[in-house]
Each structure stands twice: as structure tokens, then as C-alpha cells.
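Open the model in your viewer and follow the stops below. Each one says what to select and what is there.

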Amino acid sequence: MDQACITDTIVYAFSSMLSGMPRVIGALFMYIFQIIMNCFIISGSGQAAATIPIMGPLGDVLGLTPQTVVTAFIFGDGLTNLLLPMSAATMGAVAGISYGQYVRYIWRIIVTNLCLGGVMVVIATMIGL
């Protein structure tokens, strides 16, 4: 991606889209982006290798600290691992019950934790100002 300048194009497109908005919106965008990417790239290290080269420079352009970018990545990656059926954590948790039963039991916890993760990303953004 670097040799073909695709990374630069993606960073420019996202920064153009988020340039006039507050930093908090950019940080929440990164958080939601990582949640969505975790549905496609389950591996934490694989997701970091694929997205941090984009999110790091984007955070610099938006005025976010590297710690805020990493916080958005960690919360976006970690929380959805409890819900996705192809995650090792979920595979172990649903042993002996159906996935539907597991989702009915865990969905409130996931939604609460996703909201708390968003609050933590906002707090990290405010601390970094």
C-alpha cells in the first residue's frame, strides 16, 4: 500500500472528510472504524498491521495524540471479540450452548461496553488537548 501511495490517498480522503469537525468526532470515527474492521480482520496483530499505518497519520492530521489513536484501536478491536462467532474467546464461551442463546445473553453487556469504550475514547481525546 505504501509503494502505490494508497495509504496516502486513504489518509487524505479521511482527513478531508473530518477536517472541519472537532477532534472528538475524529476519535470516535477511528473507534467505529476499528469496530467495523474487526469484523473482517479478527487477528489483533493483523488488524494493527493493516489499520495503524492509516490511523496513525490520520490522528496526526486531526491533532490526536498517538495514545488516543491506540486507545480507539484497542477498544474497537477488543470489545467486539466477545461477540464475533469466529473469535477464539467466543468459541470457548459458547461451548455447549447455541450461538443465538449466547447473543441473547451477552448483547446488553456488549452494547454497554461499546458505549463505555466510546466514552473512554472521548476522555482520552479531551486529556490529549
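Stop 1: Start with R104, which lies in helix α6. This is a predicted model. Is R104 buried or exposed? R104 is exposed, because its relative accessible area is 57% and the cut-off for exposed is over 50%. The C-alpha atoms of R104 and A48 are 30 Å apart in space. Along the sequence, 56 residues separate the pair.

**Stop 2: the whole chain.** Zoom out and colour by secondary structure. The protein chain has 6 helices and 0 strands. Along its principal axes, the C-alpha trace spans about 50 × 35 × 20 Å.

The accessible surface of the protein chain is about 7,200 Å². Carbon and sulfur atoms account for 72% of that surface. Of the 129 residues, 34% are buried. Next, consider the contacts between residues at least 6 apart in sequence: 69% of them join residues at least 24 apart.

**Stop 3: α4 against α6.** Select residues 66-80 for helix α4 and residues 99-127 for helix α6. How do their axes run? They come within 9 Å and cross at roughly 175 degrees. That angle is over 145 degrees, so α4 is roughly antiparallel to α6.

Show side chains where the two helices meet. On the α4 side, pick T68, T71, A72, F75, L79 and T80. On the α6 side, pick I110, N113, L114, G117, M120, V121, A124 and T125. What kinds of residue make up this contact? There are 8 nonpolar and 6 polar residues, and no charged ones.

**Stop 4: T51 in α3.** Move to helix α3, residues 44-62, and select T51. T51 is buried, because its relative accessible area is 2% and the cut-off for buried is under 20%.

Display the polar atoms around T51. Which side chain makes a polar contact with the side chain of T51? That partner is Q34, at 3.3 Å. Look next at Q47. The backbone oxygen of Q47 lies 2.7 Å from a polar atom of the T51 side chain.

Finally, bring up the wider surroundings. Leaving out residues up to four places away in sequence, T51 touches F33, Q34, M37 and F73.

**Last view.** Keep T51 and R104 selected together. T51 is buried at 2% relative accessible area, whereas R104 is exposed at 57%.

How values were computed. Residues numbered from 1 in each chain as written. Predicted model: local features only at pLDDT ≥ 70, side-chain atom pairs only at ≥ 80, totals over all residues. Heavy atoms only, no water. Axes fitted to C-alpha atoms, helices over the stretch in contact; angles between N-to-C directions. Helix = DSSP H or I, 4+ residues; strand = E, 2+ residues; numbered from the N terminus. Parallel < 35°, antiparallel > 145°, perpendicular 65-115°, else oblique. Contact = heavy atoms within 4.5 Å. Nonpolar A, V, L, I, M, F, W, Y, C, P; charged D, E, K, R; others polar. Buried < 20%, exposed > 50% of the residue type's maximum accessible area, 1.4 Å probe, protein only. Areas by Shrake-Rupley, 256 points an atom, 1.4 Å probe, with all protein chains shown as cover. Polar contact = N/O pair within 3.5 Å; in protein donor to acceptor, adjacent residues only side chain to side chain.
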